[in-house]
Each structure stands twice: as structure tokens, then as C-alpha cells.
Protein chains: 2
Amino acid sequence: MTHPRPGPAPVRQASLRGHNLAVVLRDVADRTALDRPGGADPSRAEIAERTGLSRATVSTMVDELIGARLLAETGPASRGAVGRPSVGLRLDPGGAAGLGLEVNVDYVAACVVDLAGAVRYHRIRHVDLRTRTPRRALAEVETLAGRAVRSAARQDLRLAGAALAVPGLVQDQLVRLAPNLGWVDVAVPPEWHRLPVTVDNESNLAALGELAANPALPRSFVYVSGEVGIGAGIVVDGELVRGSRGFSGELGHLTIHPDGPVCRCGARGCLEQYAGQDAIRAAAGRPVPPDGIPTSVAEFVALADAGNLPMRNALQHAGEALGVAIAGLVNLIDVATVVLGGSFAPLEPWLRDPIAGELARRVVAARWAPVDVVPSVLGEDAAVRGAAGSVIRAVLDDPATWINGAGR
Amino acid sequence: MTHPRPGPAPVRQASLRGHNLAVVLRDVADRTALDRPGGADPSRAEIAERTGLSRATVSTMVDELIGARLLAETGPASRGAVGRPSVGLRLDPGGAAGLGLEVNVDYVAACVVDLAGAVRYHRIRHVDLRTRTPRRALAEVETLAGRAVRSAARQDLRLAGAALAVPGLVQDQLVRLAPNLGWVDVAVPPEWHRLPVTVDNESNLAALGELAANPALPRSFVYVSGEVGIGAGIVVDGELVRGSRGFSGELGHLTIHPDGPVCRCGARGCLEQYAGQDAIRAAAGRPVPPDGIPTSVAEFVALADAGNLPMRNALQHAGEALGVAIAGLVNLIDVATVVLGGSFAPLEPWLRDPIAGELARRVVAARWAPVDVVPSVLGEDAAVRGAAGSVIRAVLDDPATWINGAGR
């Protein structure tokens with residue numbers, strides 16, 4: 001599609017087409033989402049009826065979306081008319097896909113999610129990135145991304161882009177600060193393997209991943225991400241609350257004891273020093289070997305399961321500190337649901353009671369506004385899944401841009 | 001206006017009229033607000049141009065709004081046409097007014113604000129309500145409200161309603177908990193002196209009062225209210241963030257030391273125990289006499305001004321605790337502006353440095369996202385002014401309801 005000369009009319013036409021493409025695609029996406037297994041694939045007539053677009057417009061848009069492999073036809077729709085059976089439509093799982101990437105303190109991860117929300121590739125590589133330079137750490141991600149890209153190609157998927165989850169403060173393409181990685185002002189390349197790369201905070205992406213994957217979740221909740229660092233993704237009415245400059249959700253740096261141990265961020269007594277993975281390890285008498293790769297959180301679970309007292313006590317104390325911080329969060333913004341994510345998800349059986357105890361004690365409105373604390377369904381995969389999902393969401397929100405550039 | 005029989009058509013007509021009345025009134029209000037002294041009073045033609053309504057519709061609406069004394073004509077508008085000079089319009093200061101009320105731990109207050117935002121009556125009565133039952137405390141408010149109502153009548157103002165600010169958790173007409181007053185589930189009468197009464201949290205109303213009174217304030221900020229208790233009103237894009245159940249902003253119950261002194265709410269180590277007025281008094285060696293009326297915060301200011309060391313130290317420690325709590329708030333929701341309100345406003349010269357120190361130390365994004373801490377322009381009057389303003393706002397948002405019921 002070309003614009004021989006600039007002017008308002010062609011632009012308006014393009015944006016109207018773009019708008020209508022998005023309306024039709026969103027309607028199908030909402031009806032056939034993974035979290036609604038019983039939903040029937042809608043017909044062109046049903047889309048026209050629900051969206052208020054004319055049947056002719058819907059047909060044109062659907063044809064274009066099928067041509068771009070964003071929609072696919074299925075068998076006759078369940079609620080076809082009496083005459084000619086109408087054909088159902090759904091998102092084409094062989095069309096656009098999103099590449100999710102994550103760099104964290106002790107692992108890198110990649111996954112590919114297709115338009116219909118199915119995970120088509122997923123790898124985690126455990127590696128202690130505290131001992132690597134940012135350049136080497138990003139090279140680890142790029143290598144893993146390369147494998148994911150090749151897998152997507154073999155599956156005939158067309159990747160629309162990549163999103164990278166980072167445990168730190170992000171501004172555009174710059175990681176301002178990732179205390180536990182020791183990163184300050186690290187620029188992420190705008191492109192890897194010819195794919196555009198965006199960067200976002202891992203707790204924010206994890207919250208979006210959890211929202212998409214867990215149909216039981218209300219549209220307003222806080223996702224608490226527990227790795228070596230601790231962060232939160234605040235979701236209100238299905239949208240992230242990013243704050244004035246995009247730096248919201250730094251739950252790990254809430255003060256638990258003003259004179260407590262020094263945190264990687266420079267302050268004293270931050271939550272991470274009581275409930276981060278390293279803090280739990282140390283409290284349980286199992287610190288990270290000086291330059292060894294730390295064992296996974298599965299070790300914590302195994303020890304706690306076996307009744308290991310130092311680990312049980314460490315989790316009890318971590319849960320109390322988490323409870324104090326989450327109580328602060330609830331007192332400030334009054335949320336009804338807190339999702340324990342990352343490594344906190346498998347540890348939830350031991351964290352649940354101390355957290356609930358502090359919430360009952362410290363949330364002023366606890367009696368009238370109880371708080372549900374639930375484990376994440378995605379656990380440590382939430383951020384990388386959310387990252388892939390954010391790429392998909394961009395295609396669903398603006399299919400015209402994808403179609404116009406799809407000849408790549 | 002009557003609806004002889006129910007049906008969709010007349011209702012739609014009524015709501016269209018209501019909508020247009022609100023659009024016209026809001027346009028005049030936005031152009032002639034107190035915080036825009038240089039703004040010209042708009043003409044009917046200008047309103048039509050800006051709102052997209054026809055001139056005939058605007059004229060009809062303006063006539064009705066003038067008849068109801070919500071609008072008043074002024075001299076010719078500055079930007080009149082070449083021909084007949086057009087008449088300017090502004091909010092009628094002699095029309096509807098709002099009654100703001102406040103019950104706090106050691107005072108009750110009332111004020112009347114007219115449609116144009118001017119304060120027409122204002123009284124504070126210092127009285128220690130901790131020694132009164134809720135019924136007696138509410139009787140104090142009702143008495144003061146009576147004086148305000150009579151003053152409004154003498155000034156030929158028509159009160160549209162009353163709003164009561166309360167330092168506690170509010171659900172509809174019920175004060176669920178006001179720890180520093182010792183109130184649990186106290187119902188506020190739906191009517192006083194024939195005026196409908198609404199109830200809201202004092203920090204929320206104070207934030208709205210400050211927003212209306214301070215044109216220098218950005219549209220997103222947090223108002224921190226410091227009385228005996230401490231609360232916060234969180235404003236994003238000009239709207240209160242109330243949380244899932246309306247209990248947001250309980251900054252006073254953020255934990256400073258998990259094992260600190262017991263708070264009136266039952267928890268340990270809440271901010272109020274370090275930076276509330278009683279805590280400052282006690283730390284400065286000037287506790288409240290057992291059943292005397294506590295002296296005002298002016299005493300704190302006088303002592304600090306005179307270089308009294310115990311008071312200076314008490315304010316330093318209060319500021320540090322406030323800084324820890326505000327750092328937590330900023331880490332969680334990333335706001336760029338914090339307003340120190342209530343008694344914190346006159347104490348700001350002594351609180352500023354310790355707060356700034358903790359923010360610099362504890363806000364992870366401080367280097368890239370600085371936080372402005374500024375004193376409130378309304379100080380202890382913010383809540384009662386915001387309460388009156390909320391009544392005015394309701395009239396501006398829905399003038400039709402006011403007009404329809406104005407024959408009272």
C-alpha cells in the first residue's frame with residue numbers, strides 16, 4: 001500500500017481500514033481465546049452483528065486477515081443460518097507469533113507463543129549472570145533467541161517481534177538499573193535476528209502473562225514476582241499501572257527494617273534482604289557458592305517438604321517480611337487479590353500462613369476488605385510468557401501495521 | 001418537568017438535556033475557574049464553537065442555567081464580534097453552594113464554598129473528640145453545620161448538600177473504622193438541617209481540595225494528610241484512586257518497624273506512631289494532658305522556630321519515618337509530586353530535609369525520577385474545603401438534577 005502524496009484523506013482511509021481490521025480481529029480473538037474453550041468460532045455475519053460494521057466491510061476485512069494468516073476458516077459455525085451453512089473463523093495458529101525473552105539473575109529464557117496463545121517453544125538456561133558483563137549476559141539471551149527463531153521457522157511461524165523481560169528499571173530501550181545484575185544504563189539492541197526488540201520490567205510482563213493465562217483471576221490484582229529480586233506488577237481493570245515515569249511496582253525495595261542489612265540498591269532493610277532467594281538461602285544455611293551456579297528453587301521445596309527445620313524457619317521469616325510489605329501495598333492501593341509469582345509460587349504452601357497473619361494484623365481494612373493470596377499458575381514462566389504475549393497483543397491491536405510489513 | 005408515562009423516549013430526551021446542560025456549564029466553569037484569573041468570560045457563540053452544540057441549543061441551555069442561578073451574565077465578552085457586542089457568562093456566585101464539614105480527632109470544621117469556588121463561611125472549633133461518644137461528636141458537627149447553614153441563608157446562597165470528611169475508612173454512609181476517634185461502624189445521618197449528607201475519607205477530600213485550590217499542582221500527585229492520624233489521597237490524572245473497595249491511601253499504617261509500638265489500629269510500628277501529632281508531642285516531651293484539649297500545631301512551629309532542641313529532634317525523627325513511608329509509596333506507584341498537608345504543611349521547613357534524605361536513599365528510581373515534596377497551600381483546611389468542593393462538583397457534573405430539585 002502506497003501513499004503517492006501526503007494528505008489527510010489517504011491517511012484517514014488507512015486509519016479507518018486499520019481500525020476496522022483491528023475491530024474484526026479483536027472480536028474473533030475475544031470469542032476464541034484459550035480461556036474460553038467452549039466458545040464457538042464466530043461467522044462473518046455474527047461479527048457484523050456484534051461490531052455494527054456492515055457485512056460487506058466485515059467480509060473485506062476477514063479476507064484480508066485470512067490472506068495475512070491472522071485468521072483461519074474452520075468448519076461451519078455452530079449457529080449457522082437455516083440456508084447456506086456459515087463458516088467459522090478463528091485466530092490462525094500458523095500465522096504471526098511472538099518471541100518472549102527473559103534475562104534474570106540466574107537464568108535466561110525464551111519462548112514462542114502463537115497468535116492463538118499456544119506455547120510453541122520454551123527453553124530456560126540456568127546460568128549465574130552476576131559473574132558476567134552485561135554484554136556477555138545479553139549475548140546469552142541472543143543465543144537462546146536464535147534457537148527460538150530457528151524453531152519458529154521450522155514450524156512455519158512468522159515472528160512479529162521480540163520482547164525482553166528484565167529485573168530492573170526500564171526506560172524505552174535502556175535498562176536504567178538492575179541492582180541484582182549489577183547493571184546501570186545498559187542499552188538493549190533494537191534488533192536481534194532481524195526482529196525488533198522491546199524491553200520491559202519482568203514483573204510487569206509477568207502480570208500480563210498471568211492475566212492472559214489465568215481465567216480465574218479478577219481484572220484488578222497485584223502480581224508479586226519472587227526471584228533473587230522481588231518486584232510487583234499492578235493491574236487495574238486489565239491494564240498495568242506504570243506510574244508517572246514507568247517505575248512503579250518496586251515492592252522489593254519497600255523498607256522492612258530502616259536499619260536492616262544493606263541491599264544491592266544501596267538502601268538498608270529492603271524486603272529483598274529478607275525474602276529474596278539469596279536471603280532465603282542464607283537464612284536456611286545454604287548460601288550460593290562463591291562462583292557456582294545456584295541450585296534451583298526446587299531445592300527449597302524439597303527441603304521444606306522433607307521437614308528441614310532451617311528451611312522451614314527461613315520460609316516462615318521470609319513470609320512474615322513479605323506479609324509486612326504486601327500489607328503496606330494493600331493499605332496504600334486496596335487490592336483484593338495478590339498473586340504469588342516466580343519462585344514464590346512453588347513456595348506458596350509455606351509462605352501462605354505467615355503472609356496471611358501479617359495481612360490480618362496490619363491491613364487496616366482487613367475486616368471489611370479481605371485479601372486473597374493465590375499462587376501464580378505460570379510460576380517462573382510468567383515473565384517470558386507475558387513478554388511473548390505482549391508481542392501478540394501488539395499485532396492484535398494493530399493488524400494493519402503487521403500486514404503492511406508482513407512481506408519481510 | 002414531568003414524565004406522564006414511563007418509556008425510553010422521554011428518558012432519552014431528559015438525559016440529552018441533562019448532558020447538554022452539563023456540557024455548557026462545564027465549559028463556562030473551565031474557562032472562568034478561580035485558578036485562571038486572566039480568562040475571559042465566554043459568550044454563547046464561543047461556547048457553541050468549542051462544544052460543537054448548535055447556537056440555538058446553547059442559548060436554550062444558557063437561559064435555563066441562568067434561570068436556575070447557575071450562570072450569570074457579565075459585561076460584553078472581550079472577544080465580541082464586530083456587530084452586536086456579545087454578553088459574557090460566568091458561574092453565578094449567588095447560586096448553588098456546597099457545605100463542607102469535617103470531624104477530626106481534635107477539631108470540627110465547617111465551610112461554605114460558592115459555585116465560583118469562593119469561601120463564603122469557615123469555622124473551626126477545637127475540641128478533643130477522643131473523650132466524646134460518636135453521637136456527641138456528630139452533634140458537635142451538626143451544631144457547627146447549623147451555623148454555616150444560617151450564614152449561607154443570610155448570604156442568599158442555596159446549599160446543594162453537605163459532605164463530611166472523616167479520618168477513617170468509609171463505606172457509603174458508614175464510618176467502618178476511625179482508629180484515632182475510637183469509632184467502629186458509626187452511621188452518619190443521611191440528612192442534617194434538611195441537606196443531604198455524604199461521607200468520605202478526609203485525605204481523599206483534602207486531595208481534591210488541594211487540586212482545586214492549587215493551579216501549580218500537576219494532575220497526578222499524592223496528598224499526605226498529617227493530623228493525629230496520617231492518611232494519603234492518591235490522585236492520577238485528576239481523579240482519585242480509591243482502590244478495589246474504596247480503602248486506599250492508608251499511609252499512616254505502613255509499617256516502619258515491625259516490632260515498634262502498638263498503634264490505635266492494633267498493629268505494631270505504624271507510621272502514625274512515629275510521625276502523627278501525638279507521637280511528635282510525646283517525642284518532644286509535650287504529651288497531651290489526660291483530659292485537656294491539645295494545643296494546636298502552631299505550638300510545634302513556635303518551639304521549632306525558637307530552636308527548641310527536643311522539638312527539633314522530634315520533627316527530625318518524624319520526618320525520617322515519613323520519608324521511609326513516602327519512599328515506599330513512591331517505589332510502589334511512582335508519583336512525581338508529594339504534597340505535605342494538614343499539620344505537615346506548616347511543619348514542612350523542618351520535615352523537608354529528613355524526608356528528602358530518605359527518598360534519595362530508598363527510592364530505587366530516584367536518580368531518573370526525582371520526587372518533588374511541596375507543602376499544601378490549604379494546610380489544615382484542605383479536607384473541609386475539598387468536602388464543600390465535592391458538593392459543587394456534583395452540581396457542575398449534573399446540573400439537571402439540581403435544577404429539577406431546586407424548588408426545595
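The legends below describe close-up views of a predicted model with chains A and B in contact.

**View 1. The symmetry axis between chain A and chain B.**

**View 2. The extent of the interface between chain A and chain B.** In this contact, 44 residues of chain A meet 44 residues of chain B. The area buried between the two chains is about 3,800 Å². Carbon and sulfur atoms give 62% of that area. Arg245(A), Leu332(A) and Trp368(A) supply 21% of what chain A buries against chain B, more than any other three residues.

**View 3. Salt bridges and polar contacts across the interface.** Two salt bridges are found between chain A and chain B. One salt bridge pairs Arg245(A) with Asp334(B), and their closest N and O atoms are 3.1 Å apart. Arg245(A) is also one of the three residues that together supply 21% of the area chain A buries against chain B. Between the two chains, 28 residue pairs are in polar contact, both residues having pLDDT 80 or more.

**View 4. The side of chain A that touches chain B.** Strand 8 (174-178), strand 9 (183-187), helix 9 (309-333) and helix 10 (344-362) of chain A each supply at least two residues to this side. Helix 9 of chain A gives the most, with six residues. By class, this side of chain A has 22 nonpolar, eleven polar and eleven charged residues.

**View 5. An open five-stranded sheet in chain A.** The strands of this sheet lie in the order 14-13-12-15-16, with mixed pairing. Strand 14 (239-240) and strand 16 (372-375) of chain A are the edge strands, each pairing on one side only. Strand 12 (residues 221-226) and strand 15 (residues 337-342) of chain A run parallel and are joined by five bridges. Val224(A) stands opposite Leu340(A), a residue of strand 15 of chain A.

**View 6. A salt bridge within chain A, between Asp278(A) and Arg130(A).** The closest N and O atoms of Asp278(A) and Arg130(A) are 2.5 Å apart. This pair links distant parts of the chain, the two residues being 148 residues apart. Asp278(A) belongs to helix 7 (residues 277-283) of chain A, whereas Arg130(A) sits in the loop between strand 5 (119-126) and helix 4 (134-154) of chain A. Over all chains, the count of salt bridges comes to 47.

Definitions and conventions:
Residues numbered from 1 in each chain as written. Chains lettered and ligands numbered in written order. Predicted model: local features only at pLDDT ≥ 70, side-chain atom pairs only at ≥ 80, totals over all residues. Heavy atoms only, no water. Least-squares fit on C-alpha atoms with pLDDT ≥ 70 in both. Contact = heavy atoms within 4.5 Å. Buried area = accessible area lost by both parts, 1.4 Å probe. Salt bridge = Lys/Arg side-chain N within 4 Å of Asp/Glu carboxyl O. Polar contact = N/O pair within 3.5 Å; in protein donor to acceptor, adjacent residues only side chain to side chain. Helix = DSSP H or I, 4+ residues; strand = E, 2+ residues; numbered from the N terminus. Nonpolar A, V, L, I, M, F, W, Y, C, P; charged D, E, K, R; others polar. Pairing = 2+ DSSP bridges.
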